[in-house]
Amino acid sequence: MHSVYVILILALVVLLAQTHTARHMRLPKPLRPAVAGGLGYLLLGWAGGPQVTGLIGFEALSDLDPLFNLAIGWVGLLLGLQLKIADLKQITPREVTGSLLHFLVVSGLAFAGLFPLFLKIAPADALGASLILSLIAGASSPTFVLLIEGKDMAREAAGRRMLLYANLSCLYAVLFNGLVVVIFFPQPDLAGWLPAAPLRVLFSIGLAAVLAFLFHFFMSHGAANRRLALLLIGMMVFCGGVAAVTQVPPLFLNLLVGAWLVNQARHGNRLYHFLVVYERPLFLTLIVVAGLVWEPGPGLLPALAAFVVLRTLAIGLARQADNRLWPAASGKKGAGQGVPLLTLLPQGGVALAIAISQWQQHTAGRELIPAVAVPAVLLFALLAGFGSRGDGKKDEG
Amino acid sequence: MRLLMLIALLGLMKGLGSLGLQGAADAGHHSAMAFGFLILAGYVFGEWTLRMRMPAITGYLLAGLLCGPALLGLLDQQVVEQLKLFDRSALFLIALEAGGELRLESIRKQLWLIASSAVFQVLLGGLLMFTAFWLVRDHIPFLQGLSPLSSAALIALVAMVSVAKSPATSVAVIVETGAKGPMRDYSLGVTIVMDVVVILAFTLTRQLTLPLFHAGGESHLLQEVLLMLASISVGAACGLALILWMKRRQAHLHLVLLGFCLLMVRLSHDLHLESLLVAVGAGFVIANFSDKGQPFIGALEKISLPIYLVFFGITGASLDPAVLARLWPLALFFVAVRMSGKWASNWTASRLCRAEPSIRRQGWKGFLGQAGVSLGFAAIIADNVPQGGDQVQDMIIAAVLVNQLLGPILFKQGLEKAGEIPVA
């Protein structure tokens, strides 16, 4: 059967099943975030992919390249568009330091545990896979955090801080991922042309700046609301193509472009609104693709177990440390105690997008990274569901 | 300024290529960059044409033409083929929108006018084209060396191709301008009817003429009729299924429609159904036999702009201006005669049915656009007519380029003159 049939029939089944479960079944509370978050689509992609039914081959995926670029670009641009300087100024240095330390502790512990393990499992890919996975480990999903903990979370000082940490963790993950790939795993031609790593970093930032500058002028005259969507799609697909050719991560490029546009372009603010309109199809595409590219290899189980355990421990530790270092940040004594220790456990679009872009760009640890990261997203959604306070009814996005 | 930025982006693409940064990237990556460039160029060109009171789709076509293999070569033939999945899906969605815009009430009002216009376009328009080419047959290169009977057969095929029009173009202009009124209903109605009539007329002509060229053209009128009926029935069934879906679930309808479209394009292809009729059937049933017409059209409009850009951009990329440069006298002759045929058939039909003056004067402008169907017919002629078939195909490609650029502009102007475009 043709891949298009398979994927669409399965998508309809998932959509119907989701509607049915939402309406008629009283799901156990811990499962609700995972179901509402569209994780059925992850299973859908996996079920239709080469590992289970083999109905969709890897070669069929290359036809949909522009669509993947769009989905990955969307994540990057959406992150970048949230980096408005006026908003960033409201974040205190303490919060920046705290979130960065949190990220570095989680990533560092994950790397320390994963690297020796990967040296045994896949020595050739050990450095690449463990570096990228440790960055993925650092990323949380603010959307999932809200979904799991409920909207009340944002009313508490500690809850707001955790949401901010989750947002910033995505930003750090994308930025560090860009730097790591450009420094350690550059495109061979680029490495030949610019052998020094700092020059490659400058080149990548310069490339993003040039793209942002050019796109800025496209927006300078403004456009009717509906037509702006065209501009966005064109920008994301073009960035995806440039990223693929230069092997600079597309998330990194799109993030820098988004950050420039929201601060410099006349109509930069409106872009965010348009990204949200196209959010659902692109997010679901990302999830389905993540399921498709999941390829369990030898040694997956220990790697996955190590990743999940290390990340869970690291997040718990980092949160404890954060509470001790800055107890006053929670506003008053006792505040923040209602926010669970593992609030930052769930992962989402950024983790998946990094894993997929790594798979798409044929860089180090191509199979290993999505093999661990994709089921981990599912597991963390389930883990975070236990002990959550929210009802998981908020739609994902 | 935006043109400069486009040139700069082009320079960036070329620069990345010349730096040798292609080693690890396969063709797909370059196609992604080129596809992104096409969308951005389409956006810029669309803005320009809108400012010049022309439809945006003309801009998309020009962008496609610019990026296509014939000019900049950013989208080579392989890439254009790769993008065909998007192209076919876009056409399906456009046809779905056309079906959704068709109202039973307005069709009933103009039933005779629509039917007679379609019949006159085939008979009168076809006859005019046949006569014109027959009269100048000594000067037509592809008719040289053919017997009178074979010449007549080939001209008959050309005449049938000239009758075909692009449904997507009409629908895109109508949706883009938000036109409302009798001329819009008339153009839409004739467009849908012509889609059926033209295929039947071409199949019949093909059946009658191809044996003269000793070609093994496999086509059966009855089979075509049955397939069309099957297509409309499948479309109607799909429409009912979508109504049921919409009654149960309203959220993210545009996403469901996208999925439905991808599925149906593939299914139609595998079952040899006419996907356009499937789509029109589905849209028509939803708009006329349920109260879900508004949300349905609303969801389609949400995704229509990128779809139009992709569709017309790829159409533009498939056209070859070099052929026009080579065959312009013949192509312009074809275009002029076709235009006269459209005018004459519209005038006759509207006089006979006492249509409104705006339709009588401006109606013909809605039938000039020509694209996929005509190019498909031309390919069939090239495949089946050993002597002169290729030249006919080239002439039609050149003429389609002119018609596709002129058609939307004149149609928009016609709607404007008919007073059916709301003032912004």
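Q: At what angle do helix α7 (residues 93-121) of chain A and helix α8 (residues 126-138) of chain A pack?
A: This is a predicted model, in which local features need pLDDT of at least 70 and side-chain atom pairs count only at pLDDT 80 or more, while totals for chains, interfaces and linings use all residues. Residues are numbered from 1 along each chain as its sequence is written, and chains are lettered from A and ligands numbered from 1 in the order in which they are written. Helices are DSSP runs of H or I with at least four residues, strands are runs of E with at least two, and both are numbered from the N terminus; axes are lines fitted to C-alpha atoms, for helices over the stretch in contact, with angles from 0 to 180 degrees between N-to-C directions. The axes of α7(A) and α8(A) are 8 Å apart, and the angle is about 150°.

Q: Are α7(A) and α8(A) roughly parallel or roughly antiparallel to each other?
A: Angles under 35 degrees count as roughly parallel, over 145 as roughly antiparallel, 65 to 115 as roughly perpendicular and the rest as oblique. The angle for this pair is about 150°. The two helices are therefore roughly antiparallel.

Q: Is the crossing of α7(A) and α8(A) left-handed or right-handed?
A: A crossing is left-handed if the near helix is turned anticlockwise from the far one by less than a right angle, and right-handed if clockwise. The crossing of α7(A) and α8(A) is right-handed.

Q: How many nonpolar residues does the contact of α7(A) with α8(A) have?
A: Residues are in contact if their C-beta atoms, placed from the backbone, lie within 7 Å. Among those making the contact are Phe103(A), Phe111(A) and Phe118(A) of α7(A) and Ala126(A), Leu133(A) and Gly138(A) of α8(A). Ala, Val, Leu, Ile, Met, Phe, Trp, Tyr, Cys and Pro count as nonpolar, Asp, Glu, Lys and Arg as charged, and the others, Gly among them, as polar. By class, the contact has no charged residues, four polar ones and, as the number asked for, 14 nonpolar ones.

Q: Is Gln247(A) buried or exposed?
A: Gln247(A) lies in the loop between α13 (225-246) and α14 (250-264) of chain A, and its phi is near 65°, a positive value in a residue other than glycine. A residue is buried if 20 or more other C-beta atoms, placed from the backbone, lie within 10 Å of its own, exposed if 12 or fewer, and partly exposed in between. With 25 other C-beta atoms within 10 Å, Gln247(A) is buried.

Q: Is Arg354(B) buried or exposed?
A: Arg354(B) has a positive phi of about 50° although it is not a glycine. Its place is the loop between α15 (321-352) and α16 (357-362) of chain B. Because 9 other C-beta atoms lie within 10 Å, Arg354(B) is exposed.

Q: Leaving aside its neighbours within four places in sequence, with which residues is Ile233(A) in contact?
A: Ile233(A) is in helix α13 of chain A, and with 27 C-beta neighbours inside 10 Å it counts as buried. Ile233(A) and Leu70(A) are 163 residues apart in sequence but 6.9 Å apart in space, C-alpha to C-alpha. The contacts of Ile233(A) are Leu70(A), Ile39(B) and Pro306(B).

Q: Which helix supplies the largest share of the side of domain 1 of chain B that touches domain 2 of chain B?
A: An automatic or database domain assignment gives chain B domain 1 (2-82) and domain 2 (95-417). Their C-alpha centres lie 27 Å apart, and 19 residues of domain 1 are in contact with 22 residues of domain 2. Both α2 (27-51) and α3 of chain B supply at least two residues of the domain 1 side. The largest share, 10 residues, comes from α3(B).

Q: Which residues in α18(B) does α3(B) meet?
A: Helices α3 (residues 56-67) and α18 (residues 389-417) of chain B pack at an angle of about 165° and are therefore roughly antiparallel. Ile57(B), Thr58(B) and Leu61(B) in α3(B) meet Gln404(B), Leu405(B), Pro408(B) and Ile409(B).

Terms used
Contact = placed C-beta atoms within 7 Å.
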